[in-house]
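Colleague: I have the sequence and the model open side by side. Could you walk me through the packing and the charged pairs?

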Amino acid sequence: MAEDDPKVHLEARELWRQFHKCGTEMVITKSGRRMFPPFKARCTGLDPKAKYILLMDIVAADDCRYKFHNSRWMVAGKADPEMPKRMYIHPDSPATGEQWMSKVVNFHKLKLTNNISDKHGFTILNSMHKYQPRFHVVKANDILKLPYSTFRTYVFSETEFIAVTAYQNDKITQLKIDNNPFAKGFRDTGNGRREKR
């Protein structure tokens, strides 16, 4: 019986750290928005022959609501009621340890929304609240077994972010423009200006 001892390494950790230093913001929209930096991880120590389900969820980092004031984030009161919890199961699940370990596990299809009645399975978040993405490795050959399985959970503190409907911190806007090939809208038209709350 091969013992597995999964290790998970966050990809693009340096980039995440740059964002983290400024206070990472992720835009949430009605129609759903992808995260940048995207959450990507590399797994080692899985049993190559066993099947695994890889998933993510995003949980409240604390019970506060925030505001961006005098160029910094500060607590603005108690958190709003939590949104319905959703797990995002990586679409390749279940797959063998060998398959997972052969490539970077990319959660680029996970989308963030503020639409409470979302029907797409997007992750529903409250704007101006702080969140912590979590990565889970579950040894199971069938999604239906998830509720009865042991979750191994990995948390990278530098992936914490505040959900916003528009970027508040110009430093974050700039980092996104410099590093995100898709942030075209900001570049040409200068419509990356934040609306005042």
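Colleague: Which residues does phenylalanine 135 touch, not counting residues up to four places away in sequence?

Modeller: Before that, please note that this is a predicted model, in which local features need pLDDT of at least 70, side-chain atom pairs count only at pLDDT 80 or more, and totals for chains, interfaces and linings use all residues. Residues are numbered from 1 along each chain as its sequence is written, and side-chain values use heavy atoms, with hydrogens and water left out. Leaving out residues up to four places away in sequence, phenylalanine 135 touches Val8, Phe39, Ala41, Cys43, Leu54, Leu55, Met56, Val105, Phe107, Arg152, Thr153 and Tyr154, where contact means heavy atoms within 4.5 Å.

Colleague: And what about the largest nonpolar core, how many residues has it?

Modeller: The largest nonpolar core has 30 residues, and those with the most contacts inside it are Leu112, Phe135 and Phe161. Such a core is a set of buried Ala, Val, Leu, Ile, Met, Phe, Trp, Tyr and Cys residues joined through side-chain atoms within 4.5 Å; buried means under 20% relative accessible area, exposed over 50%, and partly exposed in between, using a 1.4 Å probe and protein chains only.

Colleague: Which elements give two or more residues to this core?

Modeller: Those elements are strand S1 (7-10), S4, strand S5 (51-69), strand S12 (129-139) and strand S14 (161-164), and the largest share, 4 residues, comes from S5. Strands (E, at least two residues) and helices (H or I, at least four) are DSSP runs, numbered from the N terminus. Another core, of 14 residues, lies apart from this one and has Phe36, Cys64, Tyr66 and Ile172 among its members.

Colleague: Switching to rings, how many aromatic pairs does a search of the whole structure find?

Modeller: The search finds 9 aromatic pairs, counting rings of Phe, Tyr and Trp (its six-membered ring) whose centres lie within 6.5 Å, with planes under 30 degrees apart called stacked, over 60 edge-to-face and the rest tilted. The ring centres of phenylalanine 39 and phenylalanine 107 are 6.1 Å apart and their planes are at 75°, so this pair is edge-to-face. Phenylalanine 39 is in the loop between strand S3 (33-34) and strand S4 (40-44), while phenylalanine 107 is in the loop between strand S9 (105-106) and strand S10 (111-113), 68 residues apart.

Colleague: Are those two buried or exposed?

Modeller: Both phenylalanine 39 and phenylalanine 107 are buried. Phenylalanine 107 also forms an edge-to-face pair with tyrosine 88, at 6.0 Å centre to centre and 65° between the planes, and tyrosine 88 is buried too. Ring pairs link Phe39, Tyr88, Phe107, Phe135, Tyr154 and Phe156 into a cluster.

Colleague: Now the charges: how many salt bridges does the structure hold?

Modeller: The structure holds 14 salt bridges, each being a side-chain nitrogen of Lys or Arg within 4 Å of a carboxyl oxygen of Asp or Glu. One of them joins lysine 78 and aspartate 63 at 3.2 Å, N to O; lysine 78 lies in strand S6 (residues 72-78) and aspartate 63 in strand S5, so the pair ties together parts that are 15 residues apart in sequence. Lysine 78 counts as exposed, at 61% relative accessibility, whereas aspartate 63 counts as partly exposed, at 47%.

Colleague: What does lysine 130 form a salt bridge with?

Modeller: Its partner is glutamate 160, with the closest N and O atoms 3.9 Å apart, and glutamate 160 counts as partly exposed at 21% relative accessibility. Elsewhere, salt bridges that share partners join Arg13, Glu14, Arg17 and Glu158 into one network.
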